[in-house]
Amino acid sequence: MGNTCYIVAIELSSSKITGVVGIETTEGMRILAAASVLVDGFISKGIVRNVDKASEAISNLINLLDDQLNGPTIKKAYISFAGLSVHGITSKVSRGFGEYVKITQDIIEDMECENCDTFQAPEGFERLQVIPQECRLDGKVDNNPIGAHAKLVECNYLNIVVKKQFYKQLCESMAQAGIEIADISSAA
């Protein structure tokens with residue numbers, strides 16, 4: 001794709017697969033291409049039911065986007081999907097101090113790392129992403145804790161999990177279509 005740094009996003013839904021290509025500018029994102037391909041039952045409720053047909057549809061979508069861009073070949077994309085195979089599970093990490101301490105970015109990042117290390121996805125699921133939720137300092141909500149002082153910090157997280165088999169089928173569809181997954185997210 002030359003020297004231009006395209007950002008490609010693909011969303012899979014039960015009715016269609018949609019793709020958008022853009023570039024970042026000083027004013028924000030500029031959309032260069034957009035296309036959709038209809039889904040005929042091979043993706044349902046966020047679940048790839050037929051890897052071959054999904055892969056073919058993704059390839060068709062990429063060709064439509066490439067045509068609008070006058071030829072560059074898309075090889076990597078951000079993927080988004082939702083459905084019954086995706087769930088959100090909350091967790092909490094607490095950090096207590098014997099005295100008031102200044103809350104730093106390092107403390108908050110260490111707590112998020114602790115959540116990532118200690119959270120156990122249910123059997124048959126794997127974690128897709130972690131979304132920080134509410135932060136409490138000494139029992140009071142403070143979603144901007146950096147620089148504040150507290151004896152106790154509690155952070156809540158939403159862990160997005162997906163059924164391993166469905167995630168594997170999604171990844172297989174993308175690989176078969178020749179698309180590397182830059183990142184994957186869900187609208188759980």
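## The start of the chain

Tyr6 is placed in the segment before strand 1, the strand that covers residues 7-12, in a model that is predicted. With a relative accessibility of 18%, Tyr6 counts as buried, because the limit for that class is under 20% relative accessible area. Tyr6 and Ile160 are 154 residues apart along the chain, and their C-alpha atoms are separated by 27 Å.

## Confidence in the model

The chain has a mean pLDDT of 90, and 96% of its residues reach 70 or more. Among the elements of the chain, the lowest mean pLDDT, 82, belongs to strand 5, which spans residues 47-48, while the highest, 96, belongs to strand 9, made up of residues 140-141.

## Asn159 and its surroundings

Asn159 is found in strand 10, which runs over residues 149-163. This residue is buried, with a relative accessible area of 0%, and the side chain of Asn159 makes a polar contact with the side chain of Ser91 at 2.8 Å.

When residues up to four places away in sequence are not counted, Asn159 touches His87, Gly88, Ile89, Thr90 and Ser91, as well as Asn115, Phe119, Arg127, Gln129 and Val130.

## The largest pocket

The largest pocket holds about 170 Å³ of space. Of the 13 residues that line this pocket, Ile108, Pro132, Cys135, Pro145 and Cys155 are the closest to its centre.

Strand 8 gives the most to the lining of the largest pocket, contributing four residues.

## A positive phi at Asp138

Asp138 lies in the loop that connects strand 8 with strand 9. Its phi is near 50°, a positive value in a residue other than glycine. For comparison, most residues other than glycine have a negative phi. Is Asp138 buried, partly exposed or exposed? Asp138 is partly exposed, because its relative accessible area is 34%, and that class lies between the limits of 20% and 50%.

How values were computed
Residues are numbered from 1 along each chain as its sequence is written. This is a predicted model: local features need pLDDT of at least 70, side-chain atom pairs count only at pLDDT 80 or more; totals for chains, interfaces and linings use all residues. Side-chain values use heavy atoms; hydrogens and water are left out. pLDDT is the predictor's confidence in each residue, from 0 to 100. Helices (H or I, at least four residues) and strands (E, at least two) are DSSP runs, numbered from the N terminus. Buried means under 20% relative accessible area, exposed over 50%, partly exposed in between (1.4 Å probe, protein chains only). A polar contact is a pair of N or O atoms within 3.5 Å; within protein, one must be able to donate a hydrogen and the other to accept it, and residues adjacent in sequence count only if both atoms are side-chain atoms. Contact means heavy atoms within 4.5 Å. On a 1 Å grid over the protein atoms alone, a cavity is a set of points where a 1.4 Å probe fits but cannot get out, and a pocket is an open set with protein on both sides within 12 Å along at least five of seven lines; lining residues have an atom within 4 Å of a point. Grid points are joined across faces, edges and corners, and a volume is the space filled by probe spheres set on the points.
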